[in-house]
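Dear colleague,

I am handing over the structure that follows, together with an account of what was found in it. Please keep the structure open while reading.

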Amino acid sequence: MRPLDETETTAVFEKLFKFVGNNLKNIVENPSHEGPDSNSGRYCFRLNKNKIYYVSESLVKRATNIARPNLVSLGTCIGKYTHGGSFHLTVQALNLLAANAKHKVWLKPQSEMSFLYGNHVLKSALGRITENIAPGDGVVVFSMSDVPLGFGVAAKSTQDCRKLDPNGIVVLHQADIEGSQKSSQPQHI
Amino acid sequence: MGKKPEPKQKVILPPQLPPEVSEDEIEVSDEDLDFVRENRDYAGLISALDTQSITKHVTRVADTKEDDLEALYEKRMKKNALKKETEESSLQVDRVEALPVKTLDGKLYYRTVSKTENGSAQEETGGDTTDGDADKGLVKLSKAERRAKLKKMKKEAKKHGKEVANTEVQPASQAAVLAEVKQELTAEEAFENKKLKLAELGNALLTNPESNIKLLKEMIQIAKENDQSIVKLGLLSLLAVFKDIIPGYRIRLLTEKELEMKVSKTVKKMRYYESTLLSAYKAYLQRLIDLEHQPLFQHVAVRCICTLLDANPHFNFRQILLGTVVNNISSTNDAIRKLCCSTIKSLFINDGKHGGEATVEAVRLIADQVKAHNCQLHPESIEVFLSLSFDVDLRKSEKADDDHRVKNKKNKKRKNMDESNQLQQNERKKSKQELMSKMREEVEADYKAASFTPDIMEQRQMQSETLSAVFETYFRVLKHTMESTAVRPEANSGTSSDAVGSHPLLAPCLKGLAKFSHLIDLDFMNDLMIHLKKLASGSSNSGNTSDKLPKCLTVSERLQCCIVAFKVMRNNLDALNVDLQDFFVHLYNLLLEYRPGRDEGEVLAEALKMMLCEDKQHDMQKTAAFIKRLATISVCFGSPESMAALVTVKHLLQKNVKCRNLLENDTGGGSIAGLIPKYQPNSTDPSLSGAFASVLWELNLLSKHYHPAISTIASAISNMSAAHNQVFLSNISPQQALKNMSLEQELLSPQSGSIKLNNKRKRANGATPSASTGCTADSSSFDEDELRKKLASHFMLLHDIKENERLRRELDKTTMSLELYKQYKKQKKQGSKTKSKA
């Protein structure tokens with residue numbers, strides 16, 4: 001377990017920024033109420049065996065007691081480095097992203113399962129969509145009852161969605177809560 | 001009296017007995033009739049003279065009831081007497097004085113001075129008025145009668161023409177006399193005369209414009225004089241005349257070819273009439289526009305122009321009229337501006353009158369005006385757009401037409417199939433039918449040409465032109481506002497003088513956008529939303545400084561931006577449910593900036609209704625945050641605003657069952673609290689405020705509110721969680737609630753004051769200490785003022801007295817010292833005397 005170096009930090013932050021925009025500040029400055037300290041600490045990012053973790057500081061302190069090879073996991077795993085050296089978010093980051101998401105898509109109830117089976121979000125599946133999504137932005141997918149289902153990348157802007165035919169792809173699937181296998185496969189960005 | 005009404009066809013015959021017209025003519029025997037029949041040539045004159053009055057009489061007797069008869073006859077007797085009198089007088093009095101003026105009582109006055117031309121006019125009007133009477137009297141005319149009458153009219157007109165020719169020779173000889181008499185008149189009499197003359201001319205023109213059209217020039221001449229009141233009168237009377245006689249079509253200037261062609265007399269006459277009217281109208285307009293620049297006449301001139309435009313938007317020189325009206329639309333003078341605005345509005349509303357062309361022109365002119373003045377106009381100048389109406393069904397109707405055509409084709413085919421069999425049998429029938437169809441087509445074409453049904457394509461084009469001009473204006477205003485807000489922080493508060501009017505057009509512009517949003521092209525929509533978002537965020541970048549810089553958009557304006565964005569979305573984009581998150585964020589923050597006294601409560605209520613009550617889907621976190629914030633602000637707002645907020649809260653809680661967790665007495669929010677474990681009241685993003693971690697403790701406070709309505713609704717909301725699954729939706733909207741409460745407050749305010757006083761008297765140490773202390777503080781401050789005044793006056797009095805005493809003392813002192821000095825001198829003198837003696 002070690003803190004991220006500069007290139008790693010930019011890679012992680014850039015990826016997160018695509019999803020949460022300026023709310024990235026909230027993620028970084030989020031006070032943690034863990035541990036015995038009366039004054040709350042913060043959360044920080046740690047790298048352990050190619051995986052990036054979002055951990056509270058008090059937990060980091062305690063985790064130092066365990067030797068690196070023995071440490072399997074700590075905090076929330078939000079992504080990992082592939083063998084190619086690129087950073088990918090994993091579905092465990094969904095909770096973090098959903099709370100701070102800038103761009104959201106709500107799915108109609110009948111098309112939730114389709115998404116959870118790993119299909120892309122089609123226009124016909126859209127229940128709602130936030131405005132001003134640009135192609136390439138990170139989008140968090142919700143059910144109509146505001147349950148986060150997964151996330152992906154916008155293929156079309158909100159404006160284009162109006163003119164899109166019902167079978168056009170709006171959001172490219174990246175990860176969902178049904179099976180996280182997809183996140184280990186090569187991805188669209 | 002005893003005569004039966006004649007069968008009407010026989011009118012050409014010499015009349016039987018026009019009873020009581022004159023005694024001489026009563027006895028007409030059959031022999032006479034025969035005689036006349038035989039010698040019709042001789043009798044022509046008589047018939048020409050009499051038939052009119054006779055027909056009048058006959059029909060009148062036939063048509064009026066017995067009660068009216070007497071009155072009728074009385075009138076006629078009077079009239080006859082008058083006629084005789086005038087005839088006599090015209091014989092006796094010399095030509096200058098020949099023209100009597102008839103007052104309303106029926107008395108005749110002889111004017112001492114008048115032009116001879118007038119004379120002819122007066123005579124004509126006399127004749128014409130009787131004609132007019134006859135017209136009214138003849139309710140039902142058979143064709144024969146009508147023809148006869150027309151002939152007679154023509155003859156009369158000819159005669160008049162001759163008379164005019166005769167009289168026109170005379171003025172030269174009369175001019176000298178006239179001038180002399182004029183000089184003798186005092187100014188007042190001259191004024192009176194002018195007035196009378198104007199009235200006469202106007203009357204003459206109104207009664208028979210065709211033959212008196214020349215008089216227009218004379219009236220215009222009067223309007224060009226120096227006297228102010230006369231000019232005003234002249235302008236107004238000309239206005240009345242023009243309003244009445246301007247035809248319902250546009251007069252086209254004749255081409256040379258047409259001028260060369262030979263035309264009949266009537267056409268010539270018509271052309272003459274039209275050209276004179278047109279030139280007079282032009283001169284009149286020129287005069288008006290000249291006067292419009294003079295402050296003294298501005299109001300009158302603008303009023304004339306507005307009325308003309310309103311009455312005859314189809315007529316020539318419309319552009320000039322429109323130009324002046326639009327120029328004055330943002331005049332600083334309230335009356336003028338109102339006039340112009342109402343004229344333009346009526347122009348927009350009645351655009352059937354001019355086929356929509358004037359609308360396009362007016363809108364374009366206003367757009368140019370806005371451009372020229374860099375959006376610094378009075379808001380009313382844009383508000384007129386709101387009365388525009390666009391026909392959305394134009395395209396639909398065309399489609400329907402297409403359908404019809406297709407159907408018709410089918411029908412025709414079928415018909416042809418059917419008919420072909422029959423037609424072979426009968427050739428003649430076929431040719432006949434062809435002829436019929438040809439005729440029908442011709443008739444249809446004629447009908448179309450005559451009925452002025454506007455061409456759909458043309459209309460559509462005009463509409464799109466209008467729309468583009470309107471939206472150009474709106475976008476210009478938006479852009480201008482954006483620019484000015486962007487420049488502001490750099491420009492500093494140095495130029496705060498024009499702060500209030502920096503974007504006067506924004507409010508009407510937003511209103512218009514909301515109204516016409518369904519007509520915007522989808523491609524513009526994105527830009528529009530971006531603009532609105534920036535405006536709604538206003539100075540959120542420099543959020544805290546908004547109060548310091550008065551130039552920034554006010555809270556109500558920013559709320560309006562949010563509302564417009566929602567309206568635009570709702571009107572256009574039903575197909576795709578778009579979440580306007582940013583606008584929610586703005587609303588969330590604006591709620592804190594809202595101040596009850598400063599900002600408009602209606603706008604807030606509308607925003608609450610549009611954005612929270614009517615929006616179908618809500619993020620749970622966001623809803624909870626809004627509920628919490630609304631409850632918080634309703635504690636510190638006045639009762640109308642807090643009522644509106646509470647109604648919204650109730651609505652939201654009813655729709656979102658999960659949000660009722662806020663009503664539970666369980667801090668921390670349980671599992672749905674999300675990532676944020678603590679409520680952050682100052683958060684700018686509603687979904688990050690962690691409202692679920694808090695409780696709606698405000699409701700408990702509000703249930704003890706002094707206003708009964710608020711306390712009831714607060715307790716109703718807090719009991720909502722107990723009454724589960726109750727589908728009870730209140731119909732009242734926040735706007736309605738606000739209105740009710742503010743009305744109630746206005747009504748109650750004087751009463752409540754007295755009630756408070758009573759309470760105070762009853763219970764010396766009142767139950768509500770804060771209120772009572774406030775009251776006493778108020779009264780003490782009131783007393784202090786008066787006390788100060790009284791004390792000041794008292795002090796001044798005392799001061800004066802003291803001063804007086806002091807002065808007196810000084811006076812005494814000086815007099816004493818003077819006397820002492822005198823004594824000393826005396827003593828000295830005596831001493832010296834004694835010395836000298838010694």
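Of the 838 residues in chain B, 27% are buried. Please bear in mind from the outset that this is a predicted model. I begin with the two chains in outline and the confidence of the prediction, and then turn to particular parts.

**The two chains**

Chain B contains 31 helices and three strands, whereas chain A contains six helices and twelve strands. In chain A, which has 189 residues, 34% count as buried. If one takes the contacts in chain B between residues at least 6 apart in sequence, 72% of them join residues at least 24 apart. For chain A, the corresponding share of contacts between residues at least 6 apart that join residues at least 24 apart is 53%.

**Confidence**

The predictor assigns the complex an ipTM of 0.71 and a pTM of 0.58. The average pLDDT of chain B is 70, and 63% of its residues score at least 70. Which elements of chain B have the lowest and the highest mean pLDDT? The lowest, 41, belongs to helix 4 (residues 116-137) of chain B, and the highest, 85, to helix 28 (residues 698-702) of chain B. Over residues 6-11 of chain B the pLDDT stays under 50, and the model has eleven contacts beyond four places in sequence for them.

What does Cys562(B) touch, leaving aside its neighbours within four places in sequence? Its contacts are Ala536(B), Phe583(B), His586(B), Leu587(B), Ala607(B) and Met611(B).

One of these partners, His586(B), lies in helix 24 (residues 581-593) of chain B. Is His586(B) buried or exposed? A residue counts as buried when 20 or more other C-beta atoms lie within 10 Å of its own; His586(B) has 26 within that distance, and is therefore buried. Not counting residues up to four places away in sequence, His586(B) is in contact with Ala536(B), Ser537(B), Arg558(B) and Cys562(B). His586(B) and Lys533(B) are 53 residues apart along the chain, yet their C-alpha atoms are separated by 8.6 Å.

**Helix 7 of chain B**

The buried residues of helix 7 of chain B are Lys197(B), Leu198(B), Leu201(B), Gly202(B), Ala204(B) and Leu205(B). Seen down the helix axis, the buried residues fall within an arc of 160 degrees, which means that they line one face of helix 7 of chain B. Glu188(B) and Glu192(B), on the other side of this helix, are exposed.

**A sheet with strands from both chains**

An open sheet of seven strands, with mixed pairing, runs in the order 8(A)-12(A)-11(A)-10(A)-7(A)-9(A)-3(B). Its edge strands, each pairing on one side only, are strand 8 (121-122) of chain A and strand 3 (578-579) of chain B.

- Strand 8 of chain A pairs with strand 12 (residues 169-176) of chain A in the antiparallel sense, over two bridges; Val121(A) has Val171(A) as its bridge partner.
- Strand 12 of chain A and strand 11 of chain A are antiparallel and share five bridges, with Leu172(A) as the bridge partner of Val153(A).
- Strand 11 of chain A and strand 10 (residues 138-143) of chain A also run antiparallel, joined by five bridges; here Gly138(A) is partnered by Val153(A).

Strands 10 and 11 of chain A form a hairpin with four residues between them, and Asp146(A) in the turn has a positive phi of about 65 degrees. Why is strand 11 (residues 148-154) of chain A described as largely enclosed by the rest of the structure? The reason is that five of its seven residues are buried.

With kind regards

Notes. Residues are numbered from 1 along each chain as its sequence is written. Chains are lettered from A and ligands numbered from 1 in the order in which they are written. This is a predicted model: local features need pLDDT of at least 70, side-chain atom pairs count only at pLDDT 80 or more; totals for chains, interfaces and linings use all residues. A residue is buried if 20 or more other C-beta atoms lie within 10 Å of its own, exposed if 12 or fewer, and partly exposed in between; C-beta atoms are placed from the backbone. Two residues are in contact if their C-beta atoms, placed from the backbone, lie within 7 Å. pLDDT is the predictor's confidence in each residue, from 0 to 100. The arc is that of the directions from the helix axis to the C-beta atoms. Two strands pair if DSSP finds at least two bridges between them.
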